[in-house]
Each structure stands twice: as structure tokens, then as C-alpha cells.
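Please read it alongside the structure shown here.

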Amino acid sequence: TTHLIVVSGFHVGVVFALSTAACGFYYRRRRRLLIQSPLQSIAPIRGVLNATVYCYALNWPLTAVRALTMLGVYATG
């Protein structure tokens, strides 16, 4: 059970992927929002913000910070 509770970069990646997918789904359902702002720039930013909140809630463990840094690089690329 300890292994299941330990926060790793995988968990931060899952939060990023789920929030990016949810944001993409929401924007595709709202045509007016999709016209006003491109989905390719909004969804990854929202994913990084949600992953940041997740890391903050966990008190910034080193593995989560490392994963968040790489997600930020991925999202800006």
C-alpha cells in the first residue's frame, strides 16, 4: 500500500493528461469558446495549472516538481 500512496511523476502526468483532455472536451463542446481562443494553446496551459495545484496540495515532493518542470517544457513546446 505504501507504493500506491507514494506520489511520483506518473501521478502528476496523469493529472496533466486528464485535465488537458477535459479542457479539450469542454472547448470542443462550446464552439464559441473554440473560435475565440485556440485549443492548442489553452488546454496544455490549463493542464499545467491543474498539475501545479496538485503539487501544491502535496507539499511539493521532489519527484512531482521534476515531473511538473518537464510538463511545463512539454506544454510550452
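Val73 is partly exposed, with a relative accessible area of 49%. The model is predicted. Val73 belongs to helix 5, and its C-alpha atom is 9.9 Å from that of Val48, a residue 25 places away in sequence.

**Overall architecture**

- The protein chain contains five helices and zero strands, so the order of elements from the N terminus is α-α-α-α-α.
- Of the 77 residues in the protein chain, 26% are buried.
- The accessible surface of the protein chain comes to about 5600 Å², and carbon and sulfur atoms supply 67% of that area.
- When contacts between residues at least 6 apart in sequence are considered, 56% of them join residues at least 24 apart.

**The aromatic pair**

- A pair of aromatic rings is described by the distance of the centres and the angle of the planes.
- The count of aromatic pairs in this model is one.
- The pair is formed by Phe16 and Tyr74, whose ring centres are 6.0 Å apart and whose planes meet at 80°; this is over the 60 degrees required, so the pair is edge-to-face.
- Phe16 sits in helix 2 (residues 9-29) and Tyr74 in helix 5 (residues 62-76), so the pair ties together parts that lie 58 residues apart in sequence.
- Are the two partners buried or exposed? Phe16 is buried, because its relative accessibility of 7% is under the 20% limit. Tyr74 is exposed, because its relative accessible area of 60% is over the 50% limit.

- Leu18 is found in helix 2 and counts as exposed, at 59% relative accessibility.
- Together with Phe10 and Val14, Leu18 forms a nonpolar surface patch, and the accessible area of these residues taken together is about 320 Å².
- Thr20 is also a residue of helix 2.
- Which backbone atom does the side chain of Thr20 reach? The side chain of Thr20 reaches the backbone oxygen of Phe16, at 2.7 Å.
- With neighbours within four places in sequence left aside, Thr20 is in contact with Ala43, Pro44 and Gly47.

**Helix 4: Val48**

- Val48 is located in helix 4 (residues 39-57).
- The relative accessible area of Val48 is 18%, under the 20% limit, so Val48 counts as buried.
- Not counting residues up to four places away in sequence, Val48 touches Phe16, Leu68, Leu71, Gly72 and Ala75.
- One of these, Phe16, is also the partner of Tyr74 in the aromatic pair.
- The C-alpha atom of Val48 is separated by 8.6 Å from that of Ser19, which is 29 residues away along the chain.

- Most residues other than glycine have a negative phi.
- Asn59 is not a glycine, yet has a positive phi of about 70°.
- Asn59 lies in the loop between helix 4 and helix 5 and is exposed, with a relative accessible area of 64%.
- Trp60, in the loop between helix 4 and helix 5, is a residue other than glycine with a positive phi, near 55°.
- Trp60 is partly exposed, because its relative accessible area of 37% falls between the 20% and 50% limits.

Conventions. Residues numbered from 1 in each chain as written. Heavy atoms only, no water. Phe/Tyr/Trp six-rings, centres within 6.5 Å; stacked < 30°, edge-to-face > 60°. Helix = DSSP H or I, 4+ residues; strand = E, 2+ residues; numbered from the N terminus. Buried < 20%, exposed > 50% of the residue type's maximum accessible area, 1.4 Å probe, protein only. Patch = residues over 30% accessible without salt bridge, like charges linked within 9 Å, V, L, I, M, F, W, Y side chains within 5 Å. Areas by Shrake-Rupley, 256 points an atom, 1.4 Å probe, with all protein chains shown as cover. Salt bridge = Lys/Arg side-chain N within 4 Å of Asp/Glu carboxyl O. Polar contact = N/O pair within 3.5 Å; in protein donor to acceptor, adjacent residues only side chain to side chain. Contact = heavy atoms within 4.5 Å.
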